[in-house]
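Let's take a walk through a few spots in this protein model. Have the sequence and the 3D view ready.

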Amino acid sequence: MDAKDNIIQANNLCCNYSVDEAEIKGILVDKLLIPRVGITSIIGVSGSGKSTLLSLLSGARRPTQLQKNSRLEFIEETDGATLDLLRDNFLARGRIGFVFQEPHLIKRISARSNAETAGRFLGGANYNENINKLSSEFLLEEVIDQRADTLSGGQAQRVAVIRALSINPDVLVCDEPTSSLDEKMGLDLMSHIYKWAHENQKCVLLVTHNMAHAAEFSDYLIRTENGKLIIGEDGHPIDLRGQTPEDKLKFIKTTFYPMITTVHRKVQQAA
């Protein structure tokens, strides 16, 4: 890949956190390059560092250890110029949209007003026009002006997604966005996100426990294991493009499920 084909570059970063005064390993990044276009999924068992990596790459969490050659950069598409997110993690403000496990809507106002909050806060241009367009794309036209507390769970989560997309971000950060939805609603939401990413040539960073979703929608794959990244030797995620969902699922199972067995065996031995 050319340098401009990547949107985020991270080198020599360590992010730990503390629980009950004991330091717990979070994530260690030697070299990681995130492709500019497509869905990069992050998979791994609970506690392996998936969400820590996601928050680190998006600038939501600061590294706890830095070296001379530590880097976390947002790469501009036009000229390849970089924004140093270690110096100022707000430099990419408005370039990154966030979707979480729960929609976190304000119940007493309309779905549209909820969707407008990101644009109002960030001062984005044309966010109202974007909301109208996204409401159509995400099949929310009939409910967008209803109060948020009248929406179904799937509708509420789609409102949360168009709130994030209304600012036209370069990167959509999704932390288990379908975990509160049933399988049908989850597939529907991921289909919309996949379509948005590819039609608009955008990047999605997705943390998911759902292996079927990872197989169906991933263009690239990162596996976290004990705080380390399993990726390609050149620092890029594993490239799954061109493979069928069936082949991707087979690949994921051969790399992911043995890890679960190993962890389970260690737990049994410790007991």
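Start with Lys248, which is buried (under 20% relative accessible area, with a 1.4 Å probe and protein chains only) yet has no salt bridge. A salt bridge here is a side-chain nitrogen of Lys or Arg within 4 Å of a carboxyl oxygen of Asp or Glu. The nearest side chain of opposite charge belongs to Asp219, 5.7 Å away. You'll find Lys248 in helix H7, residues 245-270; helices are DSSP runs of H or I with at least four residues, and strands are runs of E with at least two. Leaving aside neighbours within four places in sequence, Lys248 is in contact (heavy atoms within 4.5 Å) with residues including Glu216, Phe217 and Leu240.

A quick word on the ground rules. This is a predicted model, where local features need pLDDT of at least 70 and side-chain atom pairs count only at pLDDT 80 or more, while totals for chains, interfaces and linings use all residues. Residues are numbered from 1 along each chain as its sequence is written, and side-chain values use heavy atoms, leaving out hydrogens and water.

Now for some backbone angles. Most residues other than glycine have a negative phi.

| Residue | Phi | Loop between |
|---|---|---|
| Leu139 | about 60 degrees | helix H3 (127-137) and H4 |

Are they buried or exposed? Leu139 counts as exposed (over 50%) because its relative accessibility is 61%. Glu176 is buried, with a relative accessible area of 9%.

Definitions and conventions
Lys, Arg positive; Asp, Glu negative; His and termini not counted.
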